[in-house]
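Visitor: Please walk me through this model. Keep it simple.

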Amino acid sequence: MSLTSGRPRAAVAVASLAVLAALSGCARAPHHAGWVIHSALEVAGPPPAGGYRLAFPYIVGDLYGSPNTGNFIVPVRRTPAAFTLDLNRTQAALQSELEPTDFTLRFLRITPAAARIARLTPVALQRAGIDPVGTVDWLDARSRNPLMLLYIDRPARIEGAITRGGETIRYDIRAAKPGYVWVGGIPAGDHDTLYTVVPSPQHLILTITTRGHSP
């Protein structure tokens, strides 16, 4: 005997949809408050002729280099002086883009080796073209120190060091869980800089330094 015998088909359909909706709700990815990025926007130098547009690609599998993903992030809020990104909304798209980690700085290593990373690298382009109008950096508004926003897909550690010309650069980036971390360079001595995880900035600025600007 069928478990649904004697019940109208419409009622069965409604019940099935309710179960699917409940299952969908249970499987929904959690919302991470720290993945919502509020940033001021600052242009250093003469405004680009013809204006500009922001794009938000990633460098996948490395800390440095050219972006190698498409621009699938759209600010959820934007004014001339600020914007908000919700990286929860695009997590599935990012996951589909992740590739094995392969550092161009060969002294770097990641543990475990299977961990995958992506650095969010905003760019400012011509409004009606594809050429950059300048360089773009995340800055802690209080210290004016440059920052990197890095996604790591599992608990992992990036480490390595190099000394050239009497200057040492060290990396010790640790993620205790999957997600985004802010990375900054901290003076660790007179000739020693350590790149490591830093607290999320209370006030963040995305600075566009236009061509020809002299600090």
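**Starting with one tyrosine**

Guide: Start at Tyr171. With a relative accessibility of 6%, Tyr171 counts as buried (under 20%; over 50% is exposed, in between partly exposed; 1.4 Å probe, protein chains only). This is a predicted model, where local features need pLDDT of at least 70, side-chain atom pairs need 80 or more, and totals for chains, interfaces and linings use all residues. Numbering runs from 1 along each chain as its sequence is written, and side-chain values use heavy atoms, without hydrogens or water.

Visitor: How much of the protein chain is buried?

Guide: Of its 215 residues, 39% are buried.

Visitor: And how many helices and strands are there?

Guide: Two helices and 15 strands. These are DSSP runs, numbered from the N terminus: H or I of at least four residues for helices, E of at least two for strands.

Visitor: New topic. How many aromatic pairs are there?

Guide: Nine in the whole structure. Rings of Phe, Tyr and Trp (its six-membered ring) pair with centres within 6.5 Å; planes under 30 degrees apart are stacked, over 60 edge-to-face, the rest tilted. Take Phe56 and Phe83: they form a tilted pair, 5.6 Å centre to centre, with 55° between the planes.

Visitor: Where do Phe56 and Phe83 sit?

Guide: In distant parts of the chain, 27 residues apart. Phe56 is in the loop between strand 2 (52-55) and strand 3 (58-60), while Phe83 is in strand 5 (residues 82-86). Phe56 is buried, at 1% relative accessibility. Phe83 is buried too, at 2%.

Visitor: What about Tyr171? Which residue does it pair with?

Guide: Phe107. That pair is also tilted, at 6.1 Å centre to centre and 50° between planes. Phe107 lies in the loop between helix 2 (91-97) and strand 6 (109-111), and Tyr171 is in strand 12 (residues 167-175), 64 residues away.

Visitor: Is Phe107 buried or partly exposed?

Guide: Partly exposed, with a relative accessible area of 23%.

Visitor: Which residues do ring pairs link into a cluster?

Guide: Phe56, Phe83, Trp138 and Trp182.

Visitor: Okay, cores. How many residues are in the largest nonpolar core?

Guide: It has 29. A nonpolar core is a set of buried Ala, Val, Leu, Ile, Met, Phe, Trp, Tyr and Cys residues joined through side-chain atoms within 4.5 Å. Leu54, Tyr58, Leu85, Leu87, Leu120 and Trp138 have the most contacts inside it. Another core, of 16 residues, lies apart from that one; its members include Ile110, Ile117, Tyr171 and Val181.

Visitor: What does Leu120 touch?

Guide: Beyond neighbours within four places in sequence, its contacts (heavy atoms within 4.5 Å) are Phe56, Pro57, Tyr58, Ile73, Leu85, Leu87, Trp138 and Leu149.

Visitor: Now strand 5. Why is it largely enclosed?

Guide: Because four of its five residues are buried. Strand 1 (residues 36-44) runs antiparallel to strand 5, joined by five bridges. Strands pair if DSSP finds at least two bridges between them. Ile37 has Leu85 as its bridge partner in strand 5. Strand 4 (residues 77-79) is antiparallel to strand 5 as well, over three bridges. Strand 4 and strand 5 form a hairpin with two residues between them. There, Arg77 stands opposite Thr84.

Visitor: And which strands does strand 12 pair with?

Guide: Strand 11 (residues 156-164) pairs with it antiparallel, over nine bridges. Strand 14 (residues 192-198) pairs with it in the parallel sense, over five bridges. Asp172 of strand 12 stands opposite Glu159, and its bridge partner in strand 14 is Thr196.

Visitor: What's between strand 11 and strand 12?

Guide: Two residues, in a hairpin where Gly165 takes a positive phi near 60°.
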